[in-house]
Structure formats: C-alpha cells, structure tokens
Amino acid sequence: MAHLLYPERAQGLDGLLVVDPELKSSRLHWLVTAPVQASPTSVGGEVEKLRSLRGLGVDTLDMSSLPAERGRYLAQIGRRLTAQALVRREPNRRHPILLTLLAQFSVDASTPWCSSSTRLCPARSSAPGSSCARCLAAP
C-alpha cells in the first residue's frame with residue numbers, strides 16, 4: 001500500500017483526524033456517521049461526503065493488491081478506533097487503516113445511491129451513458 005500513500009494523500013488523511021470547528025467533530029467522524037433520518041438535508045450531506053472522499057482521491061484507489069481479508073480487518077480497526085486513538089498510532093500503521101476505511105466507506109456509501117435512490121439522481125434518463133455514478137461524479 002506504500003505506493004498509494006504519497007505525501008499529499010498522507011497529509012489529507014491526517015487532516016481527517018483534526019477537529020473541524022464548523023463540524024464540531026473530526027472529518028473522519030463526520031464521514032463515517034450515518035444520517036439519522038431520511039430528509040433532503042441528509043441526502044445533501046451524504047452527497048457532500050461522497051464529494052469529500054472524491055477530493056481525497058478515494059474513488060480512484062486500486063485496492064486490488066491488498067488481500068480482501070486484510071482490507072476488511074484494517075477497515076474494522078478504523079471503525080473501532082477514535083480519531084484520538086488513530087492520531088497516537090504511528091503513521092505507517094495509521095495511514096493504511098484510514099485508507100482502507102475510507103475506500104470501504106466510499107463503496108458502501110455509493111452503493112445505495114445507485115441501487116435504490118436513482119430516482120433522486122438528475123442524471124437518470126433513458127439517454128445512453130446517463131447514470132447515477134456520473135451524477136455523483138459531478139463537481
């Protein structure tokens with residue numbers, strides 16, 4: 001996974017652990033917290049989370065070199081630990097945990113959009129090439 005952790009990405013991952021005054025929590029906590037109700041505001045928040053992940057480049061990660069079981073294990077550790085506990089870990093352990101957690105969250109968060117909520121997607125139409133994925137990829 002070292003080839004995926006160039007300095008800019010590592011710095012972005014560490015930035016997820018810092019408390020954001022606007023959110024009043026860490027970005028990591030904001031990303032992995034599910035909405036409590038189905039409302040237009042929560043839908044907008046979930047889209048914003050996906051855009052934030054795209055800004056970190058999580059949508060372009062090729063995690064195929066990582067064994068599936070190892071990826072699940074690292075993501076499980078990431079879900080279990082708080083941001084403060086992750087900050088205390090060494091960077092060579094912290095960054096792979098964060099990367100796999102975000103990659104798994106990105107897949108988990110975008111799957112319902114494309115399967116059950118496509119009626120909310122403005123790109124849905126009968127035109128060739130229109131898809132919910134294209135809608136979510138829009139800036």
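Trainee: Which pattern does the chain follow when it is read along the sequence?

Mentor: This is a predicted model, and the chain in it has seven helices and two strands. Read along the sequence, these elements follow the pattern α-β-β-α-α-α-α-α-α.

Trainee: Which element has the highest mean pLDDT, and which has the lowest?

Mentor: The chain as a whole averages a pLDDT of 78, and 78% of the residues score at least 70. Among the elements, helix H5, covering residues 83–88, has the highest mean at 93, whereas the lowest, a mean of 49, belongs to helix H7, residues 132–137.

Trainee: How many contacts beyond near neighbours in sequence does the stretch of residues 122–136 have in the model?

Mentor: Where pLDDT is low, the predicted coordinates should not be read in detail. Over residues 115–120 the pLDDT is below 50, and that stretch has six contacts beyond near neighbours in sequence. Over residues 122–136 the pLDDT is also below 50, and for this stretch the number of such contacts in the model is 20.

Trainee: What percentage of the contacts in the chain with a separation of 6 or more is accounted for by residues 24 or more positions apart?

Mentor: The contacts considered here are those in the chain with a separation of 6 or more. Within that set, the part accounted for by residues 24 or more positions apart is 59%.

Trainee: Does Arg94 count as buried or exposed?

Mentor: Arg94 lies in helix H6, residues 91–115, and its side chain reaches the backbone oxygen of Arg89 at 2.7 Å. Leaving aside its neighbours within four places in sequence, Arg94 is in contact with Asp14, Leu17, Leu86, Val87 and Arg89. Its relative accessibility is 8%, under the 20% cut-off, and therefore Arg94 counts as buried.

Trainee: Is Lys24 buried or exposed?

Mentor: Lys24 has its place in the loop between strand E1 (19–20) and strand E2 (25–26). Most residues other than glycine have a negative phi. Lys24 has a positive phi of about 60° although it is not a glycine. Because its relative accessible area is 73%, over the 50% cut-off, Lys24 is exposed.

Trainee: Does Ser25 count as buried or exposed?

Mentor: Ser25 has its place in strand E2, and leaving aside its neighbours within four places in sequence, Ser25 is in contact with Val18, Val19, Asp20 and Trp30. Because its relative accessibility is 17%, under the 20% cut-off, Ser25 counts as buried.

Trainee: Where does the charged end of Arg27 sit?

Mentor: The ring concerned is that of Trp30, a residue that is also in contact with Ser25. At 5.0 Å from the centre of this ring, the charged end of Arg27 sits over the ring of Trp30.

Terms used: Residues numbered from 1 in each chain as written. Predicted model: local features only at pLDDT ≥ 70, side-chain atom pairs only at ≥ 80, totals over all residues. Heavy atoms only, no water. pLDDT = per-residue confidence, 0-100. Helix = DSSP H or I, 4+ residues; strand = E, 2+ residues; numbered from the N terminus. Contact = heavy atoms within 4.5 Å. Lys NZ or Arg CZ within 6 Å of the ring centre and 35° of its normal. Buried < 20%, exposed > 50% of the residue type's maximum accessible area, 1.4 Å probe, protein only. Polar contact = N/O pair within 3.5 Å; in protein donor to acceptor, adjacent residues only side chain to side chain.
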